[in-house]
Amino acid sequence: MTPKTLGRLAALGLMALTLPALADCEPSVVGEVSTVVCKAWPAFADMNIVATTTFRPADAHSGNDVGDYDLYLTVTDGARTRSLAAYIQDRAYPADSIAFRNLTIDTARYNLSPGNRAFGLRAMAANESGNSPFRKTELTLYLKEGSVIRPVLQRLNVELYRGETDTDCVGKGDSLQRTVELANTRSHGYADLIVKTRRTHTHDVRVGEACEVRVDKPVESLTTLRYDGKQYFIPKDLKGF
């Protein structure tokens, strides 16, 4: 970990966030505009993952409504008393009409190559519109390499819902769900990723006094993502935020 990164983590209080305040490794809230999520890494009995987001207003007049969230990510020892690796991303998640809502840590078995097991962050964003509801979740995968945490899959859109409604009954919606599996093939030493997409279209219609939901036949597709030596390339239509 570089002195600059250590200095920023210390200044932001991230070293303290690995102490007993998160003894049960449960989501916590720090202040009004910062959140902390923590999870034990099942693959490594002596490691935990801690992710912190801190809101940065767009300007002095925007308050807590418009701006961005900075991301501070650390892997700690089992007791959460020492940071083993860190990653900082300024303005990682936007907050405007479609704003960042929450972050979850994904510790599925992302064994990209022998000795290289990734973990994920799933970031959800949504709006507050009753007429045009919208939400989406993106997945980023990270590798711990010594004292460095490196993103290798950035912002794959794994969940999306977009709708239009009169807020009473009549409306329509489009949704998609994506899952990620490891392929048997490799590119530049890392396993290819098979992304399965399932798209669904719904219609909400009034039938007499009842409101009925009609679901079209889902459309499914497969996409293979390959590591290019630095990261997995994601086509534009699969990217989040």
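Which hand does the link of Cys169 and Cys211 have, with 95 degrees about the S-S bond? The link is right-handed.

Before going on, a few ground rules. This is a predicted model, where local features need pLDDT of at least 70, side-chain atom pairs count only at pLDDT 80 or more, and totals for chains, interfaces and linings use all residues. Residues are numbered from 1 along each chain as its sequence is written, and side-chain values use heavy atoms, leaving out hydrogens and water.

**The disulfide**

The count comes to one disulfide, meaning a pair of cysteine sulfur atoms within 2.5 Å. In the link of Cys169 and Cys211, the sulfur atoms sit 2.0 Å apart. Cys169 is in the loop between strand S9 (148–165) and strand S10 (171–187), while Cys211 belongs to strand S12 (residues 210–215), so to speak 42 residues apart. Cys169 counts as buried at 4% relative accessibility, and Cys211 as partly exposed at 41%. Here buried means under 20% relative accessible area, exposed over 50%, and partly exposed in between (1.4 Å probe, protein chains only).

**Overall layout**

The chain has one helix and 13 strands. Both kinds of element are DSSP runs numbered from the N terminus: helices are H or I with at least four residues, strands E with at least two. Of the 241 residues, 43% count as buried.

**Cores**

A nonpolar core is a set of buried Ala, Val, Leu, Ile, Met, Phe, Trp, Tyr and Cys residues joined through side-chain atoms within 4.5 Å. The largest one has 25 residues, and those with the most contacts inside it are Leu71, Leu73, Tyr93, Leu103 and Leu121. Strands S3 (47–57), S4 (67–77), S5 (83–95), S6 (99–113) and S7 (116–126) each supply at least two residues of this core. S5 gives the largest share, six residues. Apart from this core lies another, of 19 residues, with Tyr110, Ala118, Leu143 and Val180 among them.

Take Leu103: leaving aside its neighbours within four places in sequence, its contacts (heavy atoms within 4.5 Å) include Val37, Ala51, Leu71 and Tyr93.

**Aromatic pairs**

Rings of Phe, Tyr and Trp (its six-membered ring) pair if their centres lie within 6.5 Å; planes under 30 degrees apart count as stacked, over 60 as edge-to-face and the rest as tilted. There are nine such pairs. Tyr69 and Phe100 form a tilted one, 5.0 Å centre to centre with 55 degrees between the planes. Tyr69 lies in strand S4 and Phe100 in strand S6, so this pair ties together parts 31 residues apart in sequence. Tyr69 is buried at 15% relative accessible area, and Phe100 is buried at 6%. Ring pairs also link Trp41, Phe44, Tyr87, Phe119 and Tyr142 into a cluster.

**Salt bridges**

A search of the whole structure finds 12 salt bridges, each a side-chain nitrogen of Lys or Arg within 4 Å of a carboxyl oxygen of Asp or Glu. Here are some of them:

| Pair | Closest N and O atoms |
|---|---|
| Glu138 and Arg155 | 3.3 Å |
| Arg206 and Asp168 | 3.0 Å |
| Arg214 and Glu212 | 2.9 Å |

Glu138 and Arg155 are both buried. Arg206, in contrast, counts as partly exposed at 40% relative accessibility, and Asp168 as exposed at 57%. Arg206 lies in strand S11 (residues 190–207) and Asp168 in the loop between S9 and S10, so their pair ties together parts 38 residues apart in sequence. Arg214 is partly exposed at 42% relative accessible area, as is Glu212 at 33%. Salt bridges that share partners also join Arg56, Asp70 and Asp90 into one network.
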